[in-house]
Amino acid sequence: LDKINEVDRPQVYRILQCVCFSQRPLRIEELAAIYQVGDHAPPKLRPENALFFPEHILDLCSGLLSMSMVKATSWNPWSVYRDLDDTVIFHTVQLSHFSVKEYLISPRASFWHLDEQQSHVAIVRAVTMYYILVASMPDICSLSRQDIAIAHSLAVYAAWDTEYHLDHIKPREHP
């Protein structure tokens, strides 16, 4: 954590929040989309935050995250992904070891400490902003369900999994 470039720390922090508290393992492309959306109002894809390679996230979070390959149909079979071909493979990201989350949620982590409430709020904000951006794309209606599921899976995450995060937020603390 100390070796992470100071300029990258806010984005790495958001990535760690998302990986630690997401409803399901996130695809590397979903994390890249969160990285690109940033935390700005109004929502806007920020080209300056674009990653040339989503795997750059693994470089930013070196030693904290690892990547796995999983068939799309078995990754999230109750949603739109069940209609995809068995040859479609997703690259998902998870913590490299359970002790990473244990450390990050502990008070010992100082700057890197992840508060569960704040993390769920950050995830809801990021995926909602991305959903708004995708929904406002001029060509979105011309895309098939499968194309949206592959190219904009963070929007699918927003549609299917936001309720999970909202259930973990105490309304009085975060109106």
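At what angle do the axes of helix α1 and helix α6 cross? The views below come from a predicted model, in which local features need pLDDT of at least 70, side-chain atom pairs count only at pLDDT 80 or more, and totals for chains, interfaces and linings use all residues. Residues are numbered from 1 along each chain as its sequence is written, and side-chain values use heavy atoms, without hydrogens and water.

**View 1. Helix α1 (residues 9-21) against helix α6 (residues 116-135).** The two axes cross at roughly 100° and come within 9 Å (axes are lines fitted to C-alpha atoms over the stretch in contact, with angles from 0 to 180 degrees between N-to-C directions; helices are DSSP runs of H or I, at least four residues, and strands runs of E, at least two). α1 is therefore roughly perpendicular to α6 (65 to 115 degrees). From α1, R14, Q17, C18 and F21 meet E116, Q118, S119, H120, A122, I123 and A126 of α6 (heavy atoms within 4.5 Å).

**View 2. Helix α2 (residues 28-37).** Eight of its 10 residues are buried, so α2 is largely enclosed by the rest of the structure (buried: under 20% relative accessible area, 1.4 Å probe, protein chains only). These are I28, E30, L31, A32, A33, I34, Y35 and V37. Leaving out residues up to four places away in sequence, L31 touches I15, C18, V19, L26, I57 and V93.

**View 3. The largest nonpolar core, with 42 residues.** Such a core is a set of buried Ala, Val, Leu, Ile, Met, Phe, Trp, Tyr and Cys residues joined through side-chain atoms within 4.5 Å. I15, L16, L31, L65 and W112 have the most contacts inside it. Elements supplying at least two residues each include α3 (56-60), β3 (89-95), α5 (98-104) and α8 (153-167). α1 gives the most, with eight residues.

Terms used:
Angles under 35 degrees count as roughly parallel, over 145 as roughly antiparallel, 65 to 115 as roughly perpendicular and the rest as oblique. Buried means under 20% relative accessible area, exposed over 50%, partly exposed in between (1.4 Å probe, protein chains only).
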